[in-house]
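Please find below my notes on the model under review. They are set out as numbered points.

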Amino acid sequence: MRRSLSVMTLFMGALSVLVYGYAQHRLSALARPTAAPELLISLPRFAQVLMAGGDRYLAANLAGFRVLVADTGRMNAEDYAVQAKLQRDIAWFNPLHEDNYYVGAAILPWNGELDAAQYVLRRASDARTFDWYPLFHYGFLFYHFRKDPATGAQWLLKGVPRVTNQQDEWALQNLAAIWIEKGYQTANAATMVDAMAANSPPGAFRNYLQVRAHRLRDLAALQDAATLFRARQGRAVKKLEELVSAGLIAEVPKDPLGFGFGLDAAGWPILNSVAAGGQ
């Protein structure tokens with residue numbers, strides 16, 4: 001009897017393993033449902049407000065909850081499209097919604113929904129006049145995704161009057177100055193940074209902006225000289241000292257920030273801080 005039970009136990013165990021393996025094989029072949037079933041649909045705005053008892057702020061919160069609980073780790077493009085629609089709706093219901101613009105900035109542009117992110121952040125920027133963060137994120141979208149540092153810098157500067165912390169104000173202005181250098185012609189950038197310095201209170205930060213403007217003016221002079229050199233010699237500059245030997249500048253200027261000036265691959269004068277490899 002005991003032997004029969006042992007054989008039966010082994011048989012049942014082996015059968016269980018086979019059944020489990022077969023079930024796993026069948027399940028792996030089946031299409032899996034979306035990772036975030038709460039994002040399967042997006043109702044029209046009037047329907048969302050109606051379901052919220054006519055309260056658009058409650059409708060914003062209900063849609064916001066759906067966004068917050070979504071499993072972004074397993075979402076696909078269709079899921080992000082629905083999330084973008086929901087976040088647009090939230091921004092329309094309640095542009096003051098803080099979580100909405102934070103989530104929108106952190107997720108949407110990185111997953112193919114840049115236009116939706118801009119809509120959410122622009123609505124938040126206009127409504128939250130006490131908050132500079134939406135303007136910072138909005139400017140970053142232009143700088144990083146639109147490849148437009150000039151416009152990004154202008155949005156950063158619009159956020160400066162909203163800042164209540166001196167360190168944050170300086171950080172925002174400093175970043176704006178860096179983006180201005182990248183987004184405008186050098187001479188124009190020097191004028192703009194100089195204007196920023198003039199509008200800053202006396203002290204170390206004003207001096208710092210003046211230094212940045214000074215190095216931009218030096219760079220503009222080098223670039224003008226390089227243009228003349230190319231016109232006269234029919235080739236690009238190979239080293240900055242050629243501009244001195246050609247009588248176009250008295251000497252190669254020293255960078256007050258210590259990075260120095262260099263040439264890019266095309267022989268165009270640039271700041272060493274943005275040269276390839278920092279050379």
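1. For helix H11 (residues 204–233), the 30 residues at 1.5 Å a residue should span 44 Å, and the end C-alpha atoms are 43 Å apart, which agrees. Helices here are DSSP runs of H or I with at least four residues, numbered from the N terminus; the expected span is 1.5 Å times one less than the number of residues.

2. This is a predicted model, in which local features need pLDDT of at least 70 and side-chain atom pairs count only at pLDDT 80 or more, while totals for chains, interfaces and linings use all residues. Residues are numbered from 1 along each chain as its sequence is written, and side-chain values use heavy atoms, with hydrogens and water left out.

3. The whole structure contains 10 salt bridges (a side-chain nitrogen of Lys or Arg within 4 Å of a carboxyl oxygen of Asp or Glu). One of them joins Asp89 and Arg45 at 2.8 Å, N to O. This pair links distant parts of the chain, with Asp89 in helix H4 (residues 77–93) and Arg45 in helix H2 (residues 45–51), 44 residues apart. Arg45, Lys85 and Asp89 are linked in a salt-bridge network.

4. Asp89 is buried, at 0% relative accessible area, whereas Arg45 is partly exposed at 27% (buried is under 20%, exposed over 50%, partly exposed in between, with a 1.4 Å probe and protein chains only).

5. Arg235 and Glu242 also meet in a salt bridge (2.9 Å, N to O). Arg235 is partly exposed at 31%; Glu242 is buried at 14%.

Note on methods
Helices (H or I, at least four residues) and strands (E, at least two) are DSSP runs, numbered from the N terminus.
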